[in-house]
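User: I would like to learn how to read a few local features in a structure, one at a time. Could you take me through them, with the general idea before each case?

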Amino acid sequence: MNSLSLGRFALLVGCLFSLLAALWLSDIGKRKLANPDEGRYSVLAMHMADSGDYVTPRLNGLKYFEKPPMQYWATAAAMKNFGKSEWSARLYTALAGLLTVLLVSFTAGRLFTREVGVFTGLALVACPYFMALAEIVTLDMGLTFWTTLTVCAFMLSQHNPASRQTPDRERLIWLCVAAIASAGAVLSKGLIGIVFPGAVLFLYCLFNFDWPRLLRINWWVAVPLFLVAVCPWFVLVAERNPEFMRFFFIHEHFQRFTTTQHRRVEAWWFFLPILFVGVLAWAFLLVPSMVSAWRRESTSTLHPDSLRSPPPRPFRPLRFALIWSVFIIFFFSISGSKLPAYILPTFPFLAMLIGYYLASTPGRKIAWYVLPIPAISLIIAYVLHALPAEKARNAFELGLYTEYGEIMVAAFIVFAVGTAIAVACFWRNTKVSRRWGVAAVAAASIFMVQRIDSGYETLSPLQSGYGLAQSIGQHLAKETRLYSVNTYDQTLAFYLGRYTTLVDYVDEFEMGQKSEPGRNIARLEDFPPVWKQPGSVIAIIPPQDIDKMRSFGFEFEVIHESPRRFAIMKR
């Protein structure tokens with residue numbers, strides 16, 4: 001064990017990461033899409049791939065401007081090249097996650113040492129929340145990749161180590177990369193792609209008394225490059241859709257942050273337990289690593305200031321990473337709208353702080369911080385064992401939750417064993433044993449996440465519209481009219497390859513229904529005449545509405561029945 005050099009360890013980690021990437025990419029298509037997010041963003045991309053309209057996003061055939069189109073473009077390209085499938089739908093998210101790990105690891109290696117770079121990559125891989133979201137179709141992993149590229153490129157453009165003078169040309173190239181990446185972030189999820197980097201840069205200069213840095217940045221190159229990359233889509237979509245500007249900038253940005261109208265109200269501390277579980281093995285050393293990062297780059301140790309003509313202050317990457325992470329958590333904590341994935345962009349830079357701490361802290365001190373994790377993992381396993389009986393609403397759900405609960409229990413037990421081995425490695429207190437300890441945590445976390453993600457297919461009958469689509473598909477003809485009454489399954493259109501007409505259902509379709517009236521049936525009372533018109537009709541309804549359909553005098557047969565949705569066909 002003691003003969004393993006850093007170079008060989010880095011090579012071993014690289015080989016294992018390549019194996020992980022291959023297994024990961026081969027595994028992402030084995031689960032059915034889950035409702036709602038995976039279905040929503042896959043259907044948006046499917047529409048672009050089918051229609052060839054890459055300017056106006058549409059969901060279920062209706063205009064949908066809640067988010068910009070970067071992920072829709074990428075996923076549509078995957079569907080055009082590899083066919084429509086769950087694998088194509090998840091490819092962009094998975095690649096974004098893998099590239100983020102490589103990117104932050106490379107950056108940490110350039111900013112600090114190669115060991116810090118390797119530990120940073122392993123620390124991020126060991127964050128179960130980050131790795132889990134890399135296998136799920138949401139916009140947050142794509143945003144995380146682009147914001148990570150923005151911050152990493154900016155850090156490299158500002159970093160000028162004493163050991164070598166970075167050429168101005170190389171620094172300018174990194175700044176250009178940062179500008180283009182920030183445009184990618186804006187096109188992924190809106191203005192936060194530029195607001196976050198700008199706010200963090202301001203706070204960094206404020207806390208470090210480094211205002212001259214703002215003057216040394218080549219804004220004359222970065223700003224035009226950003227505008228050239230980001231403006232074309234906004235101009236085109238606003239030109240074709242007059243309602244876009246107000247909805248996107250006022251409703252989806254200002255009102256989402258300042259009001260609770262999106263019904264995502266949570267307590268101010270909502271993200272703290274998510275952060276704890278998200279980093280899990282590193283939970284107890286997260287705060288020490290943040291405190292250590294701030295202290296290590298104190299003004300007194302980094303630069304002897306002079307009152308007359310102070311030379312340029314050196315760039316402090318650890319502080320920049322710390323401010324980035326704390327600001328995003330604080331920003332969303334005071335927001336009126338909160339979802340768990342909002343803080344995902346903090347994880348790469350928390351991993352950088354953790355990686356630096358792991359490389360510079362005695363192994364036995366690390367062991368004490370990781371020591372509680374095996375016990376906590378076993379407690380979580382026990383809770384998960386008892387949870388199905390609490391969560392299930394009927395015998396059908398109880399069976400599914402119990403089966404999935406057993407998978408999660410086994411995953412957390414293996415994680416507990418892996419982190420216990422890591423503690424033993426850290427306790428040996430050598431450089432080599434510390435490397436094995438970090439690798440053990442990463443391996444245990446990867447196994448846990450892979451089992452939990454792949455096992456989620458167990459809940460497919462509850463979370464996916466695949467079964468519903470299979471039942472409907474047996475009776476669906478080209479001329480059949482298809483309606484969703486008081487309900488909507490985001491995955492159904494993906495599996496049917498067809499849209500439904502919404503009946504008495506609004507939710508996120510409000511803007512689309514207002515801008516294109518006539519594409520939906522606003523009131524349930526207006527549905528019976530439509531049902532009774534000649535021709536084949538299928539309607540998807542909530543189970544509790546079955547008697548209401550009979551009260552309308554409908555004659556039908558039930559072609560699909562589940563605890564969440566029925567499908568009925570006119571006789």
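Analyst: Let us start with contacts, where contact means heavy atoms within 4.5 Å. Leaving aside neighbours within four places in sequence, S464 is in contact with K32, L33, D489, T491 and Y495. Before going further, note that this is a predicted model, in which local features need pLDDT of at least 70 and side-chain atom pairs count only at pLDDT 80 or more, while totals for chains, interfaces and linings use all residues. Residues are numbered from 1 along each chain as its sequence is written, and side-chain values use heavy atoms, with hydrogens and water left out.

User: Where is S464 placed, and is S464 buried or exposed?

Analyst: Helices (H or I, at least four residues) and strands (E, at least two) are DSSP runs, numbered from the N terminus. S464 sits in the loop between helix 22 (460-463) and helix 23 (466-473). Buried means under 20% relative accessible area, exposed over 50%, and partly exposed in between, with a 1.4 Å probe and protein chains only; S464 therefore counts as buried, at 8% relative accessibility.

User: Which backbone atoms lie by a polar atom of the side chain of S464?

Analyst: The backbone oxygen of L33 lies 2.9 Å from a polar atom of this side chain, and the backbone nitrogen of Y466 lies 3.1 Å from a polar atom of the side chain of S464.

User: How should I read the two faces of a strand, and which residues of strand 7 lie on each side?

Analyst: In a regular strand the side chains alternate between the two faces of the sheet. In strand 7, F566, I568 and K570 are on one side and A567 and M569 on the other, and all are buried. Because 5 of the 5 residues of strand 7 (residues 566-570) are buried, this strand is largely enclosed by the rest of the structure.

User: In what sense does strand 7 pair with strand 5 and with strand 6?

Analyst: Two strands pair if DSSP finds at least two bridges between them. Strand 5 (residues 537-541) pairs with strand 7 in the antiparallel sense over 4 bridges, and the bridge partner of A539 in strand 7 is I568. Strand 6 (residues 556-561) also pairs with strand 7 in the antiparallel sense, over 5 bridges, with F566 as the bridge partner of E561. Strands 6 and 7 form a hairpin, with 4 residues between them.

User: Finally, in which helix does F207 lie, and what is its relative accessible area?

Analyst: F207 lies in helix 9, and its relative accessible area of 42% makes F207 partly exposed.

Technical notes. Polar contact = N/O pair within 3.5 Å; in protein donor to acceptor, adjacent residues only side chain to side chain.
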